[in-house]
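Here's a quick briefing to read with the model open next to you.

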Amino acid sequence: MGFFFRDVLRGTKVMNPFFVLFSLFFLTTVAMGQGNFSISGYVKDQDSGETMIGVSIVLVGEKTFTTVTNHYGFYSLTIPKGEYQLSVSYVGYEPYVIPVSISQNLAKNIQLSEGVVIQEVIISADREERRKNVESTQMGTIEVPIENIKKLPAIFGEIDVLKSIQLLPGVLSSGEGNAGFYVRGGGPDQNLVLLDEALVYNSGHMLGFFSVFNSDALKNTTLIKGGMPANFGGRLSSVLDIQMKEGNDQRYIVEGGIGLISSRLTVQGPVVKNKSSFIISGRRTYILDLVQPALKGGKFEGTNYYFYDLNTKWNYTFSDKDRIFFSGYFGDDILKFRQATRNFYFDMPYGNKTATLRWNHLFNHKMFMNVSAIYNDYRFTFTGGQEDFVFKLFSGVKDWNLKAEVEHYYNTIHTLKYGANYTYHTMTPNTAQASSGEVEFSSNLQSKYGHETAVYFLDDMKLSNKWHVNAGIRLSAFQQTGPYTSKIDFKEYGRLESVKTYGGLEPRLSVNYRINKDLSFKSGVAATTQYVHLVSNSSSTLPADVWVPSTETVKPQRGIQYAAGIFKNLQNDIYEISFEVYYKDLKNQIDYADNYVADISKDVEDAFVSGIGRAYGAEFFIKKSKGKLNGWIGYTLSKSERSFPDIESGRWYPAVYDRPHDLSIVANYNLSKKWDFGAVFIYGTGKLYTPVSGFFLIEQNLNLFYGPRNSARLNDYHRLDISATYTPRPDSKRKFKGSWTFSLYNTYNRKNPFFINYETQSDFESGKTSIDATQITIFPLIPSITYNFKWND
């Protein structure tokens with residue numbers, strides 16, 4: 001099968017065994033359905049009315065049938081006529097267990113309430129929720145509940161989704177305190193980051209030190225780092241799928257927090273009780289606002305920095321068959337610098353806007369459809385000057401996206417998912433303008449345009465109690481369009497005129513073999529294609545980094561990932577253990593050439609070189625999800641390499657995100673109703689960098705020359721963070737409740753290296769010159785305190 005995937009990527013015409021597989025299994029089900037009926041409905045939180053994602057649904061009769069709710073809280077099971085026990089469970093909620101008689105199609109909506117009831121039958125139901133580790137076909141897929149994220153220690157008290165997923169095996173931080181991340185040896189642009197289906201191109205605030213995701217507005221976070229299913233595409237490494245809350249449709253709630261550098265406020269409630277609700281959540285920092293009085297009248301008066309986020313969402317339920325959602329995100333970083341004594345200034349605003357309109361429609365008990373219209377816009381602007389010199393820079397990405405997807409719960413064996421996706425890209429490179437007196441300059445670089453489309457089909461097959469298969473196919477295409485001037489033959493292309501078209505056939509396969517009820521073996525392979533790219537000189541995405549589409553000179557990136565693993569549950573599913581290995585084969589990787597010098601007057605893609613890559617590794621994960629003490633341990637042993645014919649004659653060298661060893665230990669301890677404690681320990685191999693190996697003088701000007709690319713490492717990285725949360729009145733029936741969170745970042749004040757700074761020292765008397773390398777550390781021990789509050793109507 002591996003040779004088949006390689007042939008697909010190389011364009012070889014071979015017969016697709018996935019179509020044969022689908023045909024065979026589809027034919028086996030034509031005669032099925034006689035005497036079968038469906039039970040379907042929505043699962044909601046009883047207190048808020050929020051639909052619940054990933055809830056375990058189990059029907060026990062002569063046979064056992066299982067499923068989970070989808071992203072909109074919907075479930076459907078097609079089963080034979082008979083008497084069953086229905087068990088519905090989700091971690092942290094009181095399981096729902098009732099007998100049901102199936103003699104016709106049954107609509108059954110369910111509400112779960114928070115809490116745990118100690119009864120044997122209910123504990124058994126709750127256990128089913130934790131069996132997804134063994135039963136699911138997907139490897140490397142981890143759901144991280146927002147409530148768990150809020151328990152972790154955080155720098156400056158800022159709860160951060162992206163920093164939390166960096167604690168999982170196979171996921172590496174892009175730097176000290178940075179929200180950027182790498183997954184299984186891939187670059188930061190190879191991660192598909194979605195907020196309510198809208199793609200987020202730049203997920204960082206404060207040059208990447210905080211993410212744009214306000215945890216108070218979020219409902220669920222799912223990371224897919226193994227073979228992604230066919231309904232996801234456009235990236236090579238991972239999917240981070242984040243859903244926003246829908247808003248409480250039962251009563252009004254106001255909650256928020258006041259911290260050292262920021263405050264946040266969330267308001268949610270019903271528009272029409274049980275039918276419509278809203279949520280508005282805002283966050284703003286005041287890092288430099290507090291020092292403005294001290295700057296007034298000084299040479300830095302007017303200098304300031306802050307960022308803000310605003311999340312909004314509204315939904316309306318017309319009936320059990322139709323529901324609409326509208327959600328939006330608006331966020332900006334505002335950096336202003338003023339130096340009056342030198343008449344120098346610059347302004348640097350940048351940020352994201354997203355909007356998603358969705359329509360859910362239920363055709364019948366077996367067919368669920370979602371149609372989405374999505375808009376996202378990322379823009380970066382820089383304006384600066386000194387005296388009569390003025391400089392302006394702008395870059396950005398704007399997408400219009402339409403998608404439709406149908407989930408078809410065909411029968412007890414097959415659950416089908418199929419859909420289509422269309423995106424219109426507008427990508428603006430660094431366009432620059434400058435003036436000095438009467439002299440003016442403009443780079444006049446063209447924006448680039450493209451159509452990206454995909455259709456897909458997947459079948460999730462429960463063939464027996466031992467075999468579970470998820471097989472899919474995704475056919476994608478990208479068409480670069482005008483206006484555009486060819487770099488090859490200088491031909492002028494008009495608006496929407498086709499310049500270059502690429503296609504990708506992307507088969508996906510995941511197999512789960514149940515060795516026994518507590519142990520399974522999983523394997524999978526996935527081919528992926530990526531049509532938009534980002535190349536950065538830094539180790540993580542920065543606001544000024546430029547996204548470029550595939551063009552006549554920049555080919556789409558392609559990859560294959562092979563993975564296999566053993567998954568085990570212990571002690572009545574209290575412990576979940578997994579061991580996975582993977583290998584990734586990457587084509588058409590892009591980077592800057594060795595002699596690259598940033599030049600805003602030239603198109604950035606002119607400096608690209610193309611090559612290949614490979615990444616492989618092993619991941620160990622153990623998680624305890626029950627009891628007063630819970631948490632996880634994750635360890636990754638990995639290697640990531642690149643080879644470019646135009647870089648060091650094609651030598652294989654470690655990628656900048658290659659880190660052989662990565663260890664995370666996360667623990668939460670519930671001491672009492674009033675006190676909760678958390679701790680995180682992180683260890684990782686030091687980051688790679690290219691060292692200075694010498695210097696030479698040309699007309700008294702010092703010039704450096706460097707050693708082999710990424711041939712040196714910083715010292716290893718490690719730190720310990722701890723936190724304590726105090727709730728003064730946990731059992732209070734008052735409408736207003738509050739809690740205090742105290743945390744220490746880098747508890748033992750480890751001086752972790754951020755980068756190496758080179759300084760030259762010249763002695764003109766002796767004529768000697770030397771270069772000194774200094775390790776720069778930016779985050780010592782940092783204490784923080786946050787007051788969180790919540791008011792219920």
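This is a predicted model, and the protein splits into domain 1 (32-120) and domain 2 (244-792). Their C-alpha centres sit 35 Å apart, with 25 residues of domain 1 and 26 residues of domain 2 taking part in the contact.

**The interface by area**

- Between them, domain 1 and domain 2 bury about 2,300 Å², and 46% of that comes from carbon and sulfur atoms.
- On the domain 1 side, the residues that lose the most area to domain 2 are Glu50, Tyr72 and Thr78, which together make up 26% of what that side buries.

- The rule picks up one salt bridge between domain 1 and domain 2.
- Asp47 and Arg251 pair up in a salt bridge, with 2.6 Å between the closest N and O atoms.
- Polar contacts across the interface of domain 1 and domain 2 come to 12 residue pairs, counting pairs with both residues at pLDDT 80 or more.

**What domain 1 brings to the contact**

- Four strands each put at least two residues into the side of domain 1 that touches domain 2: E1 (36-45), E3 (64-68), E4 (74-80) and E8 (106-107).
- E4 gives the largest share of that side, with five residues.
- Sorted by class, the side of domain 1 that touches domain 2 has 13 polar, 10 nonpolar and two charged residues.

**Ser510, in strand E33**

- Look for Ser510 in strand E33, which covers residues 498-516.
- Ser510 counts as buried because its relative accessibility is 6%, and the cut-off for buried is under 20%.
- Setting aside neighbours within four places in sequence, Ser510 is in contact with Thr137, Gln138, Gly227, His468, Val469, Asn470, Ser523 and Gly524.

**Lys624, in strand E39**

- Lys624 belongs to strand E39 (residues 608-624).
- Which backbone oxygens have a polar atom of the Lys624 side chain at 2.4 Å and 2.7 Å? The one at 2.4 Å is the backbone oxygen of Lys626, and the one at 2.7 Å is the backbone oxygen of Leu629.
- Leaving out neighbours within four places in sequence, the contacts of Lys624 are Ile574, Tyr575, Leu629, Asn630 and Gly631. Leu629 therefore turns up in this contact list as well as through its backbone oxygen, given that contact means heavy atoms within 4.5 Å.
- From Lys624 to Arg734 is 110 residues in sequence and 33 Å in space, C-alpha to C-alpha.

Terms used. Residues numbered from 1 in each chain as written. Predicted model: local features only at pLDDT ≥ 70, side-chain atom pairs only at ≥ 80, totals over all residues. Heavy atoms only, no water. Domains from an automatic or database assignment. Buried area = accessible area lost by both parts, 1.4 Å probe. Salt bridge = Lys/Arg side-chain N within 4 Å of Asp/Glu carboxyl O. Polar contact = N/O pair within 3.5 Å; in protein donor to acceptor, adjacent residues only side chain to side chain. Nonpolar A, V, L, I, M, F, W, Y, C, P; charged D, E, K, R; others polar. Buried < 20%, exposed > 50% of the residue type's maximum accessible area, 1.4 Å probe, protein only.
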